[in-house]
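Hi everyone, thanks for coming.

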Amino acid sequence: MNRKALVLALAALCAASAFAMGGKEAAAPANPRIKLATTTSTENSGLLGYILPIFEAKTGYKVDVVAVGTGAALKLGENGDADVVLVHARAQEDAFVAAGHGVDRRDVMYNDFIILGPASDPAGIGSAKSSTEAFSRIASAGATFVSRGDKSGTHVKELDIWKAAGIAPAGTWYKEAGQGMEQVILMANGMPGYTLADRGTWLAVKDKTSLKICYQGDKGLFNPYGIIAVNPAKWPSANNEGAKALIAWIMSKEGLKAIESFKLNGEQLFFTYK
Amino acid sequence: MNPFLGALELIVSGDREVFLIAGTTLHFSFWSTAFSTLPGLALGILLANYRFPGRRAVAAVVSSLTALPTVVIGLFVYSFISRSGPLGSLGWLFAPPGVVLGQTLLALPIVVSLVYTGLSKLDARFTETLVTLGAGRLRRLASTLFEAKYVLASALLNAFGRVTGEVGVSMMLGGNIRWYTRTMTTTIALDTSKGEFERALSLGILLLAIALAINALVHAAVKHEE
């Protein structure tokens, strides 16, 4: 290749790069970007991809979704790296507000946690009377259990159940994955083993696994989601106007209806308090 | 459908999101390579052509920095550009400038190191000849720059390839935000975690094509140099 060709190729690379990300939408609000820190279950189930475009088209805001675990999402809010958080760990949410990190907390929606496991249910948790009893049976059978291990809302719930069962989970049967919900379900599928999952993510990935719901329906498995604006008094840099607008829209009739109408394979994933 | 066929279909049909993601990646890589060019070239020439105390130590440090894990760069930059960090007021975290900053730091040692080793290989008699011919300092620097252009081209292409294929910096500093900071590698990580392999594979194929193209260009540059 001669020198000209090399220069041309470099120029082509530059042109291709400059071409990328050219279009920016016309925006009405002064600060149109809202940073929403949330859990993997709301983003990866497709819920936010379904409801946020409606909000964006209506208001001219653009919502940047950072999908992490609940613990990490709250930390982002605490450090001022997000404008609003949508999470699921009620006790931590209250602590977040009490510590002055967030304001204007609202209950948005709920679904439930389920215990997934191999179709053969080797620990026999199907007949358990509560989620704590189900966990006890898994531990005493030494059946493989995959934990999120990432301080996510699901991980917090799992630890609560172990605590209620009076068990400190440890041993070769207990695997701390440190990964997102889908990945953990797929790992449980591969081993195979049990895991605690939110129903939304389960419905989104169940076709890719041979696991089944081994235990469900206990009141202790209730999974409520809350939305909190980052405290503008603590972080003046936060887009509080945008956070307020987003919360107001989600809590409006239109927002709640959008959440209710989101379905995956014909099944509703999230329910609102109507 | 076979995921591989599905992946090819996404590419052939020109899937909008796949190509937008590829564009974002090239965009970030272009700017981080561009920003590392001038300091990289200057430091590389300095190390190769000038004698100063501690030169070998600096060269050794630079060459070990080329092996710096992307997550370590991501972690350091994160702590600086988080709102609670010293550069927090810039608002660069989870935005394109944050990714470009991290990738520039990733590219810089590669450019310095390759410019330095490339120039060191140039015939030492070249400089001597210039001196004998009575060339002044500026003239010698100009000649070096002229000689260095293929060395620099191959260094920049190498750096471009490295930042295009990295995942740690993009994920930690960009936050994998759809339509904004989602790159080819972070999409592959996300899709694989969801067990959705088609789009991941299509991006993998595009990444491979970019890597091959860059390699061909590097080869051409090196050949020309010889």
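So, this is a predicted model, and let's start with the two domains of chain A: the C-alpha centres of domain 1 and domain 2 lie 26 Å apart. Where are they in the sequence? The domain assignment puts domain 1 at 27-111 + 224-272, and domain 2 at 112-222.

How do they touch? In chain A, 22 residues of domain 1 are in contact with 17 residues of domain 2. On the domain 1 side, α2, α4 (70-78) and β4 (102-117) of chain A each supply at least two of the touching residues. By class, that side of domain 1 of chain A has 8 nonpolar, 13 polar and 1 charged residues.

Okay, now let's zoom in on one helix, α3 of chain A, residues 47-59. With 13 residues at 1.5 Å each, α3(A) should span 18 Å, and its end C-alpha atoms are 19 Å apart, so that agrees.

Which residues of α3(A) are buried? They're Leu47(A), Leu48(A), Ile51(A), Leu52(A) and Phe55(A). Look down the axis of α3(A) and these buried residues fall within an arc of 100 degrees, so they line one face of the helix. Why does that spacing work? An α-helix has 3.6 residues a turn, so residues three or four places apart point the same way.

The buried residues of α3(A) pack against α2 (40-44), β2 (62-68), α10 (240-250) and α11 (253-260) of chain A. Over on the other side of α3(A), Pro53(A) and Ala57(A) are exposed. And just after the helix α3(A), Gly60(A) takes a positive phi of about 85 degrees.

Last, the scores: the model has ipTM 0.78 and pTM 0.82.

How values were computed:
Residues are numbered from 1 along each chain as its sequence is written. Chains are lettered from A and ligands numbered from 1 in the order in which they are written. This is a predicted model: local features need pLDDT of at least 70, side-chain atom pairs count only at pLDDT 80 or more; totals for chains, interfaces and linings use all residues. Helices (H or I, at least four residues) and strands (E, at least two) are DSSP runs, numbered from the N terminus. The expected span of a helix is 1.5 Å times one less than its number of residues. A residue is buried if 20 or more other C-beta atoms lie within 10 Å of its own, exposed if 12 or fewer, and partly exposed in between; C-beta atoms are placed from the backbone. The arc is that of the directions from the helix axis to the C-beta atoms. Two residues are in contact if their C-beta atoms, placed from the backbone, lie within 7 Å. Domain bounds come from an automatic or database domain assignment. Ala, Val, Leu, Ile, Met, Phe, Trp, Tyr, Cys and Pro count as nonpolar, Asp, Glu, Lys and Arg as charged, and the others, Gly among them, as polar.
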